Structures are given as C-alpha cells and as structure tokens.
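Here are my notes on the model, point by point. Please read them alongside the coordinates.

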Amino acid sequence: MNETPRFDAYQRAIPEQLLPVRDDPFDAAVPPIYQTSLFLFDSYKELEDVFAGRSKKPIYSRGDNPTVMLLERRIAEMEGAEEARAFASGMGAIAASVLAFVGPGDRIVTVRHVYSDAFRFFEKVLKRFGVIVDYVDGTDTEAMLAALPGAKLAYLENPTSMVFELQDLTAIAEAARRHGVITIVDNSWATPLYQNPLAVGIDLVIHAASKYLGGQSDTVAGLVAGSRELIAKINSEIYPYTGAKLAPFEAWLVLRNLETLPFRIRHHHEAGLEVANWLKSSSAVGNVMHPAFADHAGKKTFSGFGGLFSFEVAENIDVATFVDALRLVRIGVSWGGPESLVVPAKAALSISPETNVFARFGVSERTIRLNVGLHDAKNVIADLEQALAAAAK
Ligand SMILES: *Cc1c(COP(=O)(O)O)cnc(C)c1O
C-alpha cells in the first residue's frame, strides 16, 4: 500500500470559468468571501441569457455563490469528478443525493452499520415515501451483489461507522453498472487523498466536510461529487428546493482548512495506526476494529487510513469509569478535528431504540470509538493506558 498522501491529486484547481482568485483586482492570495445573496445584471439581454442557460453566472446564493463554487471545484478535482455540489451539512448532501434518484416503490441497497443519521433518514423519511430499504452485510460481497438486481441505488460507506466494516467497492461498482444501479459512497473517513471511489466506477461520492475536510471542529458542511449528468439531476430535482445550501463563510473555512489536509491526514493515518497497534497488544483490550487489521478486498481502495476506529475493552474494564478517567482524550460525538475523542457505544445504545442503528445491527456495549486527533500518539497511548488501569475491576 502507498502510504504517502497523493499531493499531486491535491494541486490547486483554478478553472478558467471561475471568477474568484484569478480575477481578484488585488491578487489576494486567499479567495474572498462573497457574502452576498444576489448578483446584478447589466441588461435585459444578460439576464435572459443567464435564465435561458446560454451563459453562466451566479443569480442568487441559494443556487450558486462564487466562494461555494470554488470549494465545489476543489473537491471535484480532488475526487476526479466532473462536478461537485456543496451543502449545509453532510446529511444535506446525503438526503439530496438519495432523494434525487428514488421514488415510491423503488428499492435501495445499503450496508448495516451505515452512519447513524443516514440510517434514520432511510427509516424515518424514505420509508414514509414508500421506498424499500435493504440492509446488507457489506463485508459479504456475494450478498451485496445478490441484492443489486432490480435496485435503484446502492448506498455505501467504506468503512462503515462505529464498527468500520469494509466493502469491495470495485466489485460492487462493476456489478451495479451491469444492473443499472446508481452507486453512492460516503468517503468522509478516507478523504479524497486516501480513497477515490469514482476511480473504481462508483457514481457519486459524499463528504461530511464537517470532519476531515473542515478539520478544525468549527464548520458543518457537506459535498457530493460525480459526473456532470448526475450532479445536474441533483441540481434540477432537489438542490434549490430543499434549500440546504452552504454559506459562503463556511465554504471559505473549508477552503482554508483544505490547505492543511495532506499534513493533517498523514498524522491521523500514522498516529491512528500507532495507537491501534498499541491497543491490539494490550491485555485490557479485545477486538480492535481498524481497517488496517481487516483481511478484506475492501482495503484495496485505500492508500492510507483515517485516525478514527473502535476497540472493545476487556470484560474486567468498567466502560463509564474508563471514559471518565481519560484526561487528554475528551468525550464527544464528532471527529476529524484536532481533539482526540471517545464515544462509548454503551451510551449510544441508550438512544431511542426504534431508529438506533447500533441496537438494530448489534454493537457490543464494550465498544469504544476513538478519534485520534492531532495529538502525539505517545500522549494518547499514555492517557488510554492510565484510564484502562483506573477502570480495571
Ligand atoms: C458526520 C458524518 C456524516 C454527516 O455529516 P454532517 O455534516 O454532520 O451532517 C455523514 N457520514 C459520516 C461517516 C459522518 O461521520
């Protein structure tokens, strides 16, 4: 495996059709924040040309905004996509990307242990509109391929949340194409630097930019990237009408933080592996659910790993005592920022059971999800070690 982030894939995208940056009258190094709701027209003809689609220019920021367009361009370039669309959150991108392609009676195939709010969106919203949702063990490629014929869409996440199960994206994408099934992958964990699902035939890639792309725990944002045709369908069917557009300032924050992504993700990769390997060797810990340790074809598409993974504490460790004894590592649900964080599955299992993905597909109460942030791995390990010792019965 190539463990060096692909800096070449990260080169600045400065497409000619985009006005900011290049056309800045002051040659500003950092793109301006176009904090405007509307754009003005010089003549009737200019207005009609834009309305009729004969020329392109932002009209109103619920549709297009130059700062947001620059972020969309950067993510499209990084994923090797023709186009991308930014949203107010990862869930905004997920909901729009699914709703653009399904209707009553359609069936979607997804994986067990899918992101918890994607699961709630499927259960609470899609099912109410008569969409059938099949949950499959994504590690079982035969079962995934068997579920595809007749489905409209396959919604994947490599790896899944909480238990980090893998899917063979190459095999699924190939079969989905044969059966005319649209494929979507949530790529938030690996980032475009460590996995490019479109390169193996996946149709659309989702990013919760609130995580690694934003990287500073200061922004909630989402994106979808794919072919011009599929993004046009999302634009014409859903995007302007649900109004989940990204604010220019938040797009600017993500653009700013993208500059450090290669350095941050390399740290998360290295420190995550160091901590995971230490946990694996600890007698106070059972199973370590890190994709590096999986013997599965779904690993092939990664050129590096995120710093988020889970482990099970041994039976003699009290979960609450362990979590409370941590000092450097804090308790919190998000990930991808500078903080090192834990989420104990035991607490997540207490969320109302009917739409609880952890209860539905079974997660051990001894599972702890760990986000290795920008801390030195040695300090994270020392904190885990003292907390495990404090919690041993
Ligand atoms: C957080 C997260 C999302 C949702 O992103 P938001 O910006 O919080 O809506 C989607 N997928 C994964 C894997 C996530 O961790």
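1. A salt bridge here is a side-chain nitrogen of Lys or Arg within 4 Å of a carboxyl oxygen of Asp or Glu. Glu 259 and Arg 74 form one through their side chains, at 3.6 Å from N to O. Glu 259 sits in the loop between α10 and α11 (261-281), and Arg 74 in helix α2 (residues 66-79), so the pair ties together parts that are 185 residues apart in sequence. Helices (H or I, at least four residues) and strands (E, at least two) are DSSP runs, numbered from the N terminus. The structure holds 20 salt bridges.

2. Ground rules. This is a predicted model: local features need pLDDT of at least 70, side-chain atom pairs count only at pLDDT 80 or more, and totals for chains, interfaces and linings use all residues. Residues are numbered from 1 along each chain as its sequence is written, and side-chain values use heavy atoms, with hydrogens and water left out.

3. Domains. The chain is assigned domain 1 (8-258) and domain 2 (261-391); such bounds come from an automatic or database domain assignment. Their C-alpha centres lie 27 Å apart. Domain 1 gives 41 residues to the contact and domain 2 gives 45 residues, where contact means heavy atoms within 4.5 Å.

4. Buried area. The two domains bury about 3,700 Å² between them, 67% of it on carbon and sulfur atoms. Buried area is the accessible area (1.4 Å probe) that two parts lose on being put together, summed over both. Which three residues lead on the side of domain 1? Met 162, Tyr 194 and Tyr 212 do: they supply 25% of the area that domain 1 buries against domain 2, more than any other three residues.

5. Polar links across the interface. The rule finds one salt bridge between domain 1 and domain 2. It also finds 15 residue pairs in polar contact, both residues at pLDDT 80 or more. A polar contact is a pair of N or O atoms within 3.5 Å; within protein, one must be able to donate a hydrogen and the other to accept it, and residues adjacent in sequence count only if both atoms are side-chain atoms. On the side of domain 1 that touches domain 2, the elements giving two or more residues are α4 (116-126), α6 (169-178), α7 (191-194) and α10 (248-258). The largest share, five residues, comes from α4.

6. Elsewhere in the list of pairs, the side chains of Glu 123 and Arg 360 meet in a salt bridge, 2.8 Å from N to O.

7. Ligand. 14 residues surround the ligand (a heavy atom within 4 Å). The closest are Gly 90, Met 91, Asp 186, Ser 210 and Lys 211. A backbone N or O atom of Met 91 lies 2.8 Å from a ligand oxygen. A side-chain N or O atom of Asp 186 is 2.6 Å from a ligand nitrogen. For Ser 210, a side-chain N or O atom is 2.5 Å from a ligand oxygen.

8. Backbone checks. The peptide bond from Asn 158 to Pro 159 is cis, with omega near 0 degrees. Pro 159 is in the loop between β4 (153-157) and α6. Met 162 is also placed in the loop between β4 and α6. Its phi is near 65 degrees, a positive value in a residue other than glycine.
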